[in-house]
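I wrote down what I looked up, in the order I looked it up.

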Amino acid sequence: MTYQYIIIIVVFLILLLAVLKINKKDVKLDMNKLVEYLGGKENIIDSEIHLSRFIVTLKDMTIVNKDAIIGLGAKGIVELENQLKIILGPNSKQLKKYIENMK
């Protein structure tokens, strides 16, 4: 009887770990594509990071492809005037460095 409980618990733990791993998804962000979807480096005025958010000030918001940015792995986008706040998680710091090196 106790073997059955042990087997059930082990199976449950394996399933739990599999679900957690699927939800964690370490998304590698394609920096070139993201800059392209933001309208290119010429469209980026300024950028900053705040925790997991990448905040970018743009010249022209109409050329931004928000759906494609979400498709790259962004968890959300908030638009305020000429600024986009993109929730990227740990990729925010990498993207800021990448854009600084482009200028």
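How many bridges join strand β1 to β2, and in which sense do the two strands run? I counted 6 bridges between strand β1 (residues 44-50) and β2, and the two run antiparallel. Two strands count as paired if DSSP finds at least two bridges between them.

Before going on I noted the basis. This is a predicted model, in which local features need pLDDT of at least 70, side-chain atom pairs count only at pLDDT 80 or more, and totals for chains, interfaces and linings use all residues. Residues are numbered from 1 along each chain as its sequence is written, and side-chain values use heavy atoms, with hydrogens and water left out.

Entry: overall layout. I found 4 helices and 4 strands in the protein. Helices (H or I, at least four residues) and strands (E, at least two) are DSSP runs, numbered from the N terminus. Read from the N terminus, the order is α-α-β-β-α-β-β-α. Of the 103 residues, 30% count as buried; buried means under 20% relative accessible area, exposed over 50%, and partly exposed in between (1.4 Å probe, protein chains only).

Entry: strand β2. I then checked burial: 5 of the 6 residues of β2 (residues 53-58) are buried, so the strand is largely enclosed by the rest of the structure.

Entry: the core. A nonpolar core is a set of buried Ala, Val, Leu, Ile, Met, Phe, Trp, Tyr and Cys residues joined through side-chain atoms within 4.5 Å. The largest one has 20 residues, and L38, F54, V56, L58, I69, L84 and I86 touch the most other members. I noted that α2 (31-37), β2, α3 (66-71), β4 and α4 (91-102) each supply at least two residues of this core. The most come from α2, which gives 4 residues. Contact means heavy atoms within 4.5 Å.

Entry: helix α4. I took its length: 12 residues, reaching 17 Å from first C-alpha to last, close to the 16 Å expected at 1.5 Å a residue. The expected span is 1.5 Å times one less than the number of residues. N91, S92, L95, K96 and I99 are buried in α4. They cover an arc of only 140 degrees around the axis, which puts them on the same side of α4; the arc is that of the directions from the helix axis to the C-beta atoms. On the other side, K93, K97 and N101 are exposed. The buried residues pack against α2, β1 and β2.

Entry: charges. I found 1 salt bridge in the structure, defined as a side-chain nitrogen of Lys or Arg within 4 Å of a carboxyl oxygen of Asp or Glu. K66 and E79 form this salt bridge at 2.2 Å, N to O. The pair links distant parts of the chain, with K66 in helix α3 and E79 in strand β3 (residues 76-80), 13 residues apart. K66 is partly exposed at 31% relative accessible area, and E79 is partly exposed at 38%.
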